[in-house]
There are 2 protein chains.
Amino acid sequence: MNIGEASKASGVSTKMIRYYEQIKLITPALRTEASYRTYTDNDIHTLRFIRRARDLGFSVEQMKTLLALWRDRSRASADVKLIALEHIAELERKAAAIAAMTKTLKHLASNCHGDDRPDCPIIDGFAETLGEIDHGIGAKFGLASVK
Amino acid sequence: MNIGEASKASGVSTKMIRYYEQIKLITPALRTEASYRTYTDNDIHTLRFIRRARDLGFSVEQMKTLLALWRDRSRASADVKLIALEHIAELERKAAAIAAMTKTLKHLASNCHGDDRPDCPIIDGFAETLGEIDHGIGAKFGLASVK
DNA sequence: CTTGACCTTCCCATCATTGGAAAGATTATC
DNA sequence: GATAATCTTTCCAATGATGGGAAGGTCAAG
């Protein structure tokens with residue numbers, strides 16, 4: 001299996017497959033005489049695992065750990081669960097930050113008549129020097145990273 | 001006012017103030033003879049505006065537009081509201097993606113006893129070739145970008 | 001006049017991902 | 001068998017928003 005087929009079979013782009021190899025998330029693929037990477041069904045299985053973990057928002061670092069745990073048949077399920085729970089906590093943190101932003105914006109938008117007239121509580125809310133906007137959550141939880 | 005004071009007064013780091021100047025989000029600051037940037041109260045006002053918008057999750061591109069609308073006293077409030085509503089929609093999209101990830105992970109974790117034994121539904125869920133994990137939302141909504 | 005706290009510019013790193021260029025390999029078509 | 005299309009390879013660069021740090025200039029207090 002060439003890298004293109006492996007990509008289609010796993011849902012991971014060829015670019016990312018090479019990248020994952022480079023950063024040692026996966027072991028280097030075997031090569032043909034012409035240096036083409038070849039993939040076995042087992043490799044595809046690993047790539048799918050990675051794709052699932054990625055879709056659930058795990059970072060490359062976390063995936064490294066998860067892959068190691070996956071391969072280690074004697075590891076304790078508690079080790080896996082811990083990572084999952086930590087990730088859940090992180091997701092909930094981000095969800096809270098997004099919810100706070102949404103709430104503030106909706107509040108501002110609901111008071112904006114949204115017609116031809118220029119006065120607008122939204123932009124006024126941004127500009128006010130008073131502390132009405134609760135951006136504490138965003139700041140505290142590093143919301144800038146929630147792209 | 002030097003850049004350090006401006007940073008403290010606005011809550012925007014000196015690094016970011018210089019960056020915002022470089023990418024032309026803000027106009028270049030006046031300079032002293034020794035090339036030190038100086039900031040007026042008006043500049044601080046603008047920086048605070050930026051900080052608020054940033055805390056609400058607006059991108060630099062969106063902030064460029066918002067700043068232009070802020071300065072344009074004759075623009076329609078509808079123009080501002082549209083941007084806000086679009087951003088709200090984007091936030092809700094991300095919230096949905098995060099919620100889907102959280103739900104799946106919680107489901108997997110709840111079935112994992114989390115003790116010394118090796119069998120673990122979480123990691124099995126990642127590895128399964130069947131389609132149990134609903135990563136459709138993550139895929140559809142570009143969840144990889146929700147860092 | 002020295003010390004420390006500022007400021008300047010410049011370059012690099014992050015994270016996951018995509019894009020492209022240049023060159024070589026393979027496959028399909030004529 | 002030649003040619004063209006479609007792979008593949010490596011390498012380099014960009015994204016967005018931010019931080020880190022080096023090397024050197026400036027300023028105020030002691």
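Reader: First up, how much of chain A counts as buried?
Author: Of the 147 residues of chain A, 36% are buried; a residue is buried if 20 or more other C-beta atoms lie within 10 Å of its own, exposed if 12 or fewer, and partly exposed in between, with C-beta atoms placed from the backbone. Keep in mind that this is a predicted model, where local features need pLDDT of at least 70, side-chain atom pairs count only at pLDDT 80 or more, and totals for chains, interfaces and linings use all residues. Residues are numbered from 1 along each chain as its sequence is written, while chains are lettered from A and ligands numbered from 1 in the order in which they are written.

Reader: OK, so what's the mean pLDDT of chain A?
Author: The mean is 86, and 87% of the residues of chain A reach 70 or more. pLDDT is the predictor's confidence in each residue, from 0 to 100.

Reader: And which elements of chain A have the lowest and highest means?
Author: H7(A) has the lowest at 41, and strand S2 (residues 37–38) of chain A the highest at 97. Over residues 130–147 of chain A the pLDDT is below 50, yet this stretch has 35 contacts in the model beyond near neighbours in sequence. Two residues are in contact if their C-beta atoms, placed from the backbone, lie within 7 Å. Where pLDDT is low, the predicted coordinates should not be read in detail.

Reader: Noted. What does the secondary structure of chain A come to?
Author: Seven helices and two strands, in the order α-α-β-β-α-α-α-α-α from the N terminus. Helices (H or I, at least four residues) and strands (E, at least two) are DSSP runs, numbered from the N terminus.

Reader: Switching to the pair. How many residues does each chain put into the contact?
Author: Chain A gives 59 residues and chain B gives 59 residues. On the chain A side, the elements with two or more residues there are helix H3 (41–55), helix H4 (60–71), helix H5 (77–110), helix H6 (121–127) and helix H7 (136–140). H5(A) gives the most, with 21 residues.

Reader: What's the split by class on that side?
Author: The side of chain A that touches chain B has 32 nonpolar, 12 polar and 15 charged residues. Ala, Val, Leu, Ile, Met, Phe, Trp, Tyr, Cys and Pro count as nonpolar, Asp, Glu, Lys and Arg as charged, and the others, Gly among them, as polar.

Reader: What rotation superposes chain A on chain B?
Author: A rotation of 180° with 0.0 Å of shift along its axis, at an RMSD of 0.2 Å. The two copies are thus related as by a two-fold rotation axis. The same surface serves both copies, and 100% of the contact residues of chain A recur in chain B.

Reader: Now the core. How many residues are in the largest nonpolar one?
Author: The largest nonpolar core has 63 residues, and Ala53(A), Leu66(A) and Ile122(B) are among those with the most contacts inside it. H5(A) supplies the largest share, 12 residues. Such a core is a set of buried Ala, Val, Leu, Ile, Met, Phe, Trp, Tyr and Cys residues joined through C-beta atoms within 7 Å.

Reader: What does Ala53(A) touch?
Author: Leaving out residues up to four places away in sequence, Ala53(A) touches Phe58(A), Met63(A), Leu66(A) and Phe126(B).

Reader: Is Ala109(B) buried or exposed?
Author: Ala109(B) is buried, because 21 other C-beta atoms lie within 10 Å. Ala109(B) sits in helix H5 (residues 77–110) of chain B. With residues up to four places away in sequence not counted, Ala109(B) touches Lys81(A), Ala84(A), Leu85(A), Ile88(A) and Ile122(B).

How values were computed
Copies are superposed by least squares on the C-alpha atoms of residues with pLDDT of at least 70 in both.
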